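Good morning, and thank you for joining.

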Amino acid sequence: MSNEFEAQNHEVEETEAMPSMEDVLDQTLDVKIGDTVNGEVLTIDENNQLIVGIEGAGVEGVVPFREISSTPIDNVEDVVKVGDVIELVVVKQIKEKENGSFLLSRRRVEAKKIWKELEEKAENDETITVPVKKVVKGGLVVDAGVRGFIPASMVEDHFVKDFTPYKDKELEVKIVEIDPAENRLILSHKEIAAEKAAAERAEKLEQFEAGQTVTGTVARLANFGAFIDLGGIDGLVHISQIAHHHVKHPSDVLTVGEEVDVKILSVDEDRGRISLSIKELVPGPWEDIEEKAPKGAVLDGIVRRLVDFGAFVEVFPGVEGLVHISQIAHEHVNTPADKLSEGQEVQVKVLDVNPEENRLSLSIKALEEAPAKEEGADRDHKPRAKKSRPARKNNRGQAARQNQAAEEDTGFTFGDLLGDQLKGLDLSDED
């Protein structure tokens, strides 16, 4: 009796311990491509591949080395070890099942999480920091957990000729475009670079104020002036502020790389501009003019301008004096162009100097020997002024207008401009 009971009890235990085939099939996981599964690392083979058992499926899979991590690794065991249970994506089914029934990827699981995080950052307009992995023709390839790309036009806020120095450099970037389905991630450093430059410029602008004298280096030259590097921030010397004399092009006076002292004329914080002057720190051309060009001095000069009443001759850079038409030659001169031409080199004698009004009266004929006069020529041919009251009134009105216009244009008085022509002229109202 006892033996029969034990046999029945054993039969019941065996029945409870061994599930039916139908029960086994019901509990087996149906593995499909694209599914996310858990797998236990069973071993690491000689090719650094992971052989894993897929939980709930009763089958094995293989994780190739390139699919273990989304970031470069040297040693597999730095990432996973035998016995670890890891999350995997089913990539495809393997027909030859020597290493397992399915090809799996841990990298793609990480990539899914990274793409999701990147999408959230893009929605929140957040920035990320990425290392530059490769410099290519069109820009920079970076590692954002997934492959990202910075087009050349979005690397900086200025033109960059050579991107080689960016290799292995970390850049803060904004997400411009993201498409996980296409593995497309476009990034930009340009906006951040511009914002950083603007902030640095504003901070540096605070160090300068109008009236200061500072030292800088000529950074580049343009037709309208020279840009001076003041230590990470540029200021402009307009061409009119380079020298006291006329400057055709900044390169005639300055060279790139040259160190110069400049005076700050103004600081525009709103527009981020600094206006500078070189000539403000250089003595004016009319300074000490009485010593450089005393009355009676003989100077070399260049004819700069011809006008109806004479010629302006430059005797020092920025210093021009007037040779009145009556002082060009001993003989009568109809127009200055009959005797002189612009750019001509001449010798002149200083007749008068007026430092307060920046004026020099010069003469060319004073350095030439006067021609001999025929005897009695002055007595026999002395001109007589015709008396005509209306004509005198008109002439005086016209003379007054010419006087005003000439003084405004040249700084010389009407008497200076007419010179000897007024001598002996009767301007009285008497008949």
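A nonpolar core is a set of buried Ala, Val, Leu, Ile, Met, Phe, Trp, Tyr and Cys residues joined through side-chain atoms within 4.5 Å, where buried means under 20% relative accessible area with a 1.4 Å probe, protein chains only. The model is predicted, so local features need pLDDT of at least 70 and side-chain atom pairs count only at pLDDT 80 or more, while totals for chains, interfaces and linings use all residues. Residues are numbered from 1 along each chain as its sequence is written, and side-chain values use heavy atoms, with hydrogens and water left out.

The largest nonpolar core has 23 residues, and Val313, Val315, Val348, Leu360 and Leu362 have the most contacts inside it. At least two residues each come from strands 16 (298–307), 17 (310–316), 18 (319–324), 19 (345–354) and 20 (359–363); strands are DSSP runs of E, at least two residues long, numbered from the N terminus. Strand 19 gives the most, with four residues. Apart from this core lies another, of 21 residues, including Val155, Phe163, Val173 and Leu187.

Let us turn to the barrel. Which order do its five strands follow? The closed barrel runs 1-2-3-5-4, with mixed pairing; two strands pair if DSSP finds at least two bridges between them. Strand 4 (residues 85–93) and strand 5 (residues 102–105) pair in the antiparallel sense over four bridges. Within strand 5, Ser105 is the bridge partner of Val89.

Definitions and conventions
Buried means under 20% relative accessible area, exposed over 50%, partly exposed in between (1.4 Å probe, protein chains only).
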